[in-house]
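These are my notebook entries on a structure that I went through site by site. I began with the metal site and then turned to helix packing, a strand residue and backbone torsions.

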Amino acid sequence: MTGFVCPRCGNSSPRYIGYKNGEPYCRRCISFRGTTVEYKPGSPKKVFLNLGYPLSDKQKALSDSVLDNFKNGIDTLVYAVTGSGKTEISYGVIAYAMSQGYNVGFALPRTDVVIELYFRLKDAFPNNRIVAVYGGHNKTLTGDCIILTTHQLYRYPGYFDLLVLDEIDAFPFKGDATLMAFFKKSIRGHYVMMSATPSKEVVDQFKKPGHAMLTLRTRFHRHPIPVPKLIKAPFFLQYFVLLSKLGKFLREKKPVFIFVPTVDLTQSVFAFISKKYPRGNYVSSKREGRQKIIADFKNGKYAYLVTTAVLERGVTVAKLQVIVFRADDEIYDAAALIQIAGRAGRKASDPTGEVLFIASKESEGIKRAQKEISFCNTFL
Ligand SMILES: [Zn+2]
């Protein structure tokens, strides 16, 4: 009855253990089924890294440290603010590992970001076989470097000599014990974790022997991150505050993201403001054709987008201004608000941008987000 530990996900909790013909089986990871890949040592290969532009001195120093750690068998946490160019920091160790013929993977929680990174890595390593693996796209499972969602890690038990894991604080990876177990099980060698907002548990873990934490608190363009301004307004007035702030940005010809806490609110907020400002649109995970809407926004067809957290990461738009509507909603913890604020001022050509929180009260998340961003800016 007891003592059963799932060989796939490490679960030992009786709550998730079922019995079939008297044999125990794990119910926690039962939805993860499909072809798996067996470890095979590879052979050294030629790698050409095409960065497009040079790393900053800080990025270079960090990139070198990550590589040294890997060579010395140390797992690394890269704690870097959003917009610091932390993805590029991992290219050096990826190049080295590929050249040695190691099995290399780069895992991220969300499919959209996997696809985006796939194209970036293809540009960076034009002579190597970069493969993307995510739900519905898993015919090819091997290559020189595999970019995959954390949901696909179960296919690679004991496989990766080097595994980079980015956005560890993002849904659905954050707090998911099964995905964390698959991550751990898929590592044969060593890993690099990257985060803009790691939890205290993660930071503590990297203080242990065999681990190291590297920090990058400034953006690659060396300008401060906009500190969010809180505008307090009673619930019923918040729509009008939103309208007035949006109007100001639009008159200045600046594109705007309006973040709202729920999918339903994307529609109702858009319905309200589009009466006055029709040149906008809304997106959420439920919105059909959202990639096209986002592309149209980048091309200037729309002046603003109302969005859920779906645009919290990975999108860079010049001159972008950010409004978070109902920023005191409990869905927004400090980590989420920091990510959202990080959308503004990302371009070196236009490093400024305003971030406004509209809320009826100052939540703990708001307070912590403002504090953390101000703190990072003191390192400039
Ligand atoms: Zn299991």
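Metal site. I looked up the ligands of the zinc ion and found the SG atoms of Cys-6, Cys-9, Cys-26 and Cys-29 coordinating it at 2.3 to 2.4 Å. I took as donors N, O and S atoms within 2.8 Å of the metal (3.2 Å for Na, K and Ca); water is not among the atoms, so sites may look incomplete. Along the chain the donors keep the spacing C-x2-C-x16-C-x2-C. I record the arrangement as tetrahedral because the four donor atoms subtend angles of 106 to 112° around the zinc ion; for four donors, the term requires all angles to lie between 85 and 135 degrees. Cys-26 is buried at 8% relative accessibility, and Cys-29 is buried at 2%. Buried means under 20% relative accessible area, with a 1.4 Å probe and protein chains only.

Basis of the entries. The model is predicted, and I note that local features need pLDDT of at least 70, side-chain atom pairs count only at pLDDT 80 or more, and totals for chains, interfaces and linings use all residues. Residues are numbered from 1 along each chain as its sequence is written, and side-chain values use heavy atoms, with hydrogens and water left out.

Helix packing. I examined helix α1 (residues 57-71) against helix α3 (residues 91-99): their axes come within 7 Å and cross at roughly 40°. Axes are lines fitted to C-alpha atoms, for helices over the stretch in contact, and angles run from 0 to 180 degrees between N-to-C directions. Helices (H or I, at least four residues) and strands (E, at least two) are DSSP runs, numbered from the N terminus. On the α1 side I listed Ser-63, Val-66, Leu-67, Phe-70 and Lys-71, and on the α3 side Gly-92, Val-93, Tyr-96 and Ala-97. Contact means heavy atoms within 4.5 Å.

Strand residue. I located Thr-307 in strand β13 (residues 304-307) and found it buried at 0% relative accessibility. Not counting residues up to four places away in sequence, Thr-307 touches Ile-258, Phe-259, Val-260, Thr-266 and Val-283.

Backbone torsions. Most residues other than glycine have a negative phi. Glu-167, in the loop between β7 (160-166) and α5 (177-186), has a positive phi near 55° and is buried at 9%. Arg-326, in the loop between β14 (321-325) and α10 (334-341), has a positive phi of about 60° and is buried at 13%.

Definitions and conventions. Tetrahedral: all angles 85-135°; square planar, octahedral: opposite > 155°, others 65-115°. Buried < 20%, exposed > 50% of the residue type's maximum accessible area, 1.4 Å probe, protein only.
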